Structure formats: structure tokens, C-alpha cells
Amino acid sequence: MEKTVAGVRLGSDEFASGIRAELARVEQVITDGIAEADGCVIEEALHLFQAGGKRFRPMFTVLAGRIGGTPSEQVITAAAAMELTHLATLYHDDVMDEADTRRGAPSANARWGNSIAILAGDYLFARASAYGADLGPRAVGVIATCFGELVTGQMLELKGPGEGDPVQHYLDTIWGKTGSLIATCGLLGALHGGADEDLAQRMYRIGADIGMAFQISDDIIDISSIAQQSGKTPGTDLREGVWTLPVLHALHDRGPDGDRLREILTGPVTEDALVDEAIELLGRSEGMKHARVTLEEYADRARSELAQLPASEARSSLESLVTFTVARLG
């Protein structure tokens, strides 16, 4: 049996089979939940879900559930709620970014227009909230807090750092947009897997560090990847005028390369030739090296927290997840 799921190396055949079954169950719960909608919503709400994706958040949730104890339907419900929340943010992100594609398919806004895309995202948020209600009052509050952090992260990105420290602003932004959601996956998965409060909070911290590492690695990939390998169009953030961690550090580089970057990166870069030139300059910059160091720091923090857990197949799988997050840079 293949023991790797979504880039995560699992343990025994029995453990791998169990995780696969739980993830399949999450997929079914999401599909069934959306299918209950009025017919005018179903196609649009299923659009991005059916386009695929890494399912990183459900994977982390079910593994956190295994850290907490044994598989349960509540862990499946929590995983479905978190994936629906993530999908909803993608609909809204694509409207704000005026994106044409997502996951290799036309974005919802490109296919149906902004209004339909926003409403489809709103519907997915509603389904996530309903699953939270099924989990009880604690989960409702946790998910509501996560919603607020997601919105705050997006607002921070849109408003920019102002007079503040751009690097700290970036870290605060990705905490809101990515770290908070994966941290919440860890908390809910552990709690509904039977973990006590201390263990659930540890899984929250582990999720936060993994989420930060995951986003930083995504931002490095946006600059360093080949489109056919990553499935992403390199330089997307540059085209949108969003300066991520490697860019922020590279803008302080000295010498001709740093000078040229500062000439190019005065706002959104719309010309393909300039995007290609900026990517080449960034690829050999000290800023890229600095960003990789920060990525490793978050990964090491997650590993340190994991090392304090009892040895288990769930722990080793989560350690593999951390390794995957870093190793996908190549």
C-alpha cells in the first residue's frame, strides 16, 4: 500500500489505511453537506472543492485527532468545517485578486462573476458554521475566533504596513490568513479526538508553527518554482504588488542586484520581462536565504513541540508533515 498521503509519510498499513478512510469520510461529509443546498448554489459551491487541492488542513486535523486518542465522527466534522472555511476564503481571495484560475481551473469569479463567487464563499462559511454547531459551544467560539483572524489577516494585507515594520506586518498577515486556520485545525482535531486541554493547546501551537512555515514556503515557491512543477504561476505576488518575506529582505540587499530590485519593485509588476528579471534577481538574493532561515525556525519550533509528545504513528506522521512543508522547496 502507498503510505504517503498529501506528501505525508504514514506508518503501518493499518494506520495509513485508517487515515485514508478518515480523509475519504471528510470528502463525503463536505459533498453531502453542499448537496443539501438549494439547487441554485450547489454547482458554484462545489466548484473549487471538486478542482482538488492538497487537503493539508483535513490531514492535519485527523492526525491531531489521532494524537488526542482514537478516530471519531466529531474529528471528521471538525476537519470538514476547517476545509470548508479554507475553501470559502479562496473564493473571496480570488475576487479581491481578480484571479482567473485556481487549482488549474477557471476561478469562480472568472466563470460566474464576482457576486456569485462571493455568495458561494459565504455559503461555504455558513456550512462550516453549521458543522461547528454540531460540535458544540466551544467549537462555535473557536471557529468564530478563527473567522475573525482570517478577516484581520486579509485586511492587514490590503492596508499594508504603513509606518510599521514590514517584516512584522508580513508575519502578522500570514498568521491571520494561514497560521490561525491550521492552528485551529490542531486544536479542534485534538479536542474532538479526546485530548485534554494541555495537549489540545500544544496541537494549536504546533499547527500555528506549521501554518507559518507552510505559508513562507508557499511564498518562496512563488518566486523560485517552475510553473509545471508547482502548479503555480511564478511571480503571482509580484504581479499583485504583494511583497512577501524573501522580497522584503531582498529589498535591503546591497550592490547592483539590490539597486535593480528597488527600481523594479515600486508597485505591482505588470510586464512579463520585468517579472522574470525580478524573479532571477530574487533567486540569488540574500533575501531568499534569509526567508529560508525563518522557514526552518518555524519548522524547528514545530519539531520541538512534537518531540515532547509520546512516540506514536500519529506523531511520526506529523513530523513527516513538517519535513514535507520544508522539502517541497526542492
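Analyst: Let us start with burial: a residue is called buried when its relative accessible area is under 20%, exposed when over 50%, and partly exposed in between, with a 1.4 Å probe and protein chains only. Helices (H or I, at least four residues) and strands (E, at least two) are DSSP runs, numbered from the N terminus. In helix α6, the buried residues are Ala117, Ala120, Gly121, Tyr123, Leu124, Phe125, Arg127, Ala128, Tyr131, Gly132 and Leu135. This is a predicted model, in which local features need pLDDT of at least 70 and side-chain atom pairs count only at pLDDT 80 or more, while totals for chains, interfaces and linings use all residues. Residues are numbered from 1 along each chain as its sequence is written, and side-chain values use heavy atoms, with hydrogens and water left out.

User: What do the buried residues of α6 pack against?

Analyst: Contact here means heavy atoms within 4.5 Å. By that criterion, the buried residues of α6 pack against α1 (13-35), α2 (39-50), α4, α5 (108-112), α7 and α8 (166-192). Just after α6, Gly136 takes a positive phi of about 115°.

User: How many Å should the residues of α6 span?

Analyst: The expected span of a helix is 1.5 Å times one less than its number of residues. For the 22 residues of α6 (residues 114-135) that gives 32 Å, and the end C-alpha atoms are 32 Å apart, which agrees. Helix α1, with 23 residues, reaches 33 Å from its first C-alpha to its last, close to the 33 Å expected.

User: Which residues of α1 are buried, and what covers them?

Analyst: An α-helix has 3.6 residues a turn, so residues three or four places apart point the same way. In α1 the buried residues include Phe15, Ile19, Glu22, Leu23, Val26, Ile30 and Ile34. Their cover includes β1 (4-5), α2, α3, α4, α6 and α16 (313-327).

User: Where is Ile34, and which residues does Ile34 touch?

Analyst: Ile34 sits in helix α1 and is buried, with a relative accessible area of 0%. Not counting residues up to four places away in sequence, Ile34 touches Ile42, Ala45, Leu46, Leu84, Tyr123 and Leu124. Glu44, for its part, lies in helix α2 and counts as buried at a relative accessible area of 13%. Leaving aside its neighbours within four places in sequence, Glu44 is in contact with Tyr91, Trp112, Ile116 and Ala120.

User: What describes two packed helices?

Analyst: Two packed helices are described by the angle between their axes and the distance between the axes. Axes are lines fitted to C-alpha atoms, for helices over the stretch in contact, and angles run from 0 to 180 degrees between N-to-C directions. Angles under 35 degrees count as roughly parallel, over 145 as roughly antiparallel, 65 to 115 as roughly perpendicular and the rest as oblique. The axes of helix α4 (residues 73-97) and helix α7 (residues 137-159) come within 12 Å and cross at roughly 25°, which means that α4 is roughly parallel to α7. A crossing is left-handed if the near helix is turned anticlockwise from the far one by less than a right angle, and right-handed if clockwise; that of α4 and α7 is right-handed.

User: At what angle do α3 and α9 pack, and which residues meet there?

Analyst: Helix α3 (residues 56-68) and helix α9 (residues 197-224) pack at an angle of about 155°, with their axes 11 Å apart, so α3 is roughly antiparallel to α9. Their crossing is right-handed. From α3, Phe56, Arg57, Phe60, Ala64, Ile67 and Gly68 meet Leu199, Met203, Ile206, Gly207, Ile210 and Phe214 of α9.

User: Is the crossing of α9 and α15 left-handed or right-handed?

Analyst: α9 and helix α15 (residues 286-307) pack at an angle of about 155°, with their axes 9 Å apart, and are therefore roughly antiparallel to each other. α9 passes α15 in a left-handed crossing.
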